[in-house]
Amino acid sequence: MSCHVVFTDSREYAESASINNRAPFKESTQVGGCCVTGSFPSSNMAWTKYQLFLAGLMLTTGSINTLSAKWADMFSAKGCHGNPEHSFSHPFVQAVGMFLGEFSCLAVFYILLFHDKRSPEPRMNVGQSFNPLLFFPPAMCDMTATSIMYVALNMTSASSFQMLRGAVIIFTGLLSVAFLGRRLAPSQWLGIFITILGLVVVGLADFVSGHRDDSHKITDVITGDLLIIMAQIIVSVQMVLEEKFVYKHDVHPLRAVGTEGLFGFVVLSLLLIPMYFIHVGDFSDNPRQVLEDALDAFCQIGYKPLILLALLGNTVSIAFFNFAGISVTKEISATTRMVLDSLRTLVIWVVSLALGWEKFHGLQVLGFLVLLTGTALYNGLHRPLLARIPWCATRMNLDDEGSDAERERLLNEGRVPASEDT
């Protein structure tokens, strides 16, 4: 799931800033396929227990999300009509489960809204009225990209899957220049270039390790890696659509995630019907060799209930991951969310090694570090260090002013009055 989240309900932060003589600041960053923007106060205070809980929840559930999906792929069980035992290869069924988890964010939104309305002083900003169909095109991009990535996860390792998703900043940066008229900073161009190098290193690591790994054929590994990168192009299109048409609307982030999850869940569930009859030959691992055999998936779950546990882990974790990620951005900062998302890749890789799902390869470590450097540069993690240098601090202030003017221009292009949104 990727999204564009905008926080505007920052009264408590503004009040805190005025009390402590701190000026609020705006922050925008690229987080695991999610562009997040918010207004927060600059603060050097230590984290509270609640903030630590949110950070831990995001890191844990984000890791479980990928690991549980890979765990489901590793099961084998009998299918329908007496079919012999075969691997659980049902990426589209898994994608439906993930969208169900995102859809649950809509329920969380209305629960929070109900609780807020009953409080003496409601503080929740529900946003303006909007046409839900506004989220349909981004949701279809999300559905397509997610389905492709689950297909790819069957072919490659969980750690490579997570690392290669970093390619999203390359295509998002290029598309934002082409279609949004954005001007990228030199550090962002450098970050994109370094990310490309990181992808090459990770791909090389998969190619080398593929000859030593019996669990995946080398052709499957390469195909899986290419599918992941292809999916990131679609994710980038989704993010540009969201920024161009959704960003100007003040929509609560949980409501945005839940609405896209609703569209994805309904449409993909309906598509499972024609997929049951579309033959794709050796590309599919199910006995009937169709694009997706949902009935076979349910039969395998019946024979091996542990598969259901893995699927539920994927569904529940994506719901908590979205909630925790949004809360981390609001309570701490978008940069913290980006750092935690990068740590998630490390956790997935370490757990995969510990469980024996993968073998250690030095090139993967190098690839991870290069990707981390590229992502950090693109998202401006170097800025706090450069801010200590007077000349660099002045240049950064000028860049910030230009960025604010550009954001205002994007907002003013096609801004729709609230009365026309309903």
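**Notes on the model**

1. At 32% relative accessibility, Gln-289 counts as partly exposed, where buried means under 20% relative accessible area, exposed over 50% and partly exposed in between, with a 1.4 Å probe and protein chains only. Gln-289 sits in the loop between helix H9 (253-275) and helix H10 (294-303), helices (H or I, at least four residues) and strands (E, at least two) being DSSP runs numbered from the N terminus. The phi of Gln-289 is near 55 degrees, a positive value in a residue other than glycine.

2. This is a predicted model, in which local features need pLDDT of at least 70 and side-chain atom pairs count only at pLDDT 80 or more, while totals for chains, interfaces and linings use all residues. Residues are numbered from 1 along each chain as its sequence is written, and side-chain values use heavy atoms, with hydrogens and water left out.

3. As for the chain overall, the secondary structure of the protein chain comes to 16 helices and five strands, and buried residues make up 51% of its 422 residues. Of the contacts (heavy atoms within 4.5 Å) between residues at least 6 apart in sequence, 78% join residues at least 24 apart.

4. Helix H3 (residues 91-117) packs against helix H4 (residues 136-153) at an angle of about 130 degrees, with the axes 9 Å apart; axes are lines fitted to C-alpha atoms, for helices over the stretch in contact, and angles run from 0 to 180 degrees between N-to-C directions. That angle makes H3 oblique to H4, since angles under 35 degrees count as roughly parallel, over 145 as roughly antiparallel, 65 to 115 as roughly perpendicular and the rest as oblique. Residues making the contact include Phe-92, Met-98 and Phe-99 of H3, and Met-143, Tyr-150 and Val-151 of H4.

5. Helix H4 also holds Ala-145, which, at 1% relative accessibility, counts as buried. Leaving aside residues up to four places away in sequence, Ala-145 touches Ala-231, Ile-234 and Val-235. Ala-145 and Gln-232, although 87 residues apart in sequence, are 7.1 Å apart in space, C-alpha to C-alpha.

6. In helix H6 (residues 168-180), the buried residues are Val-168, Ile-169, Ile-170, Thr-172, Gly-173, Leu-175, Ser-176 and Leu-180. Just after H6, Gly-181 takes a positive phi of about 70 degrees.
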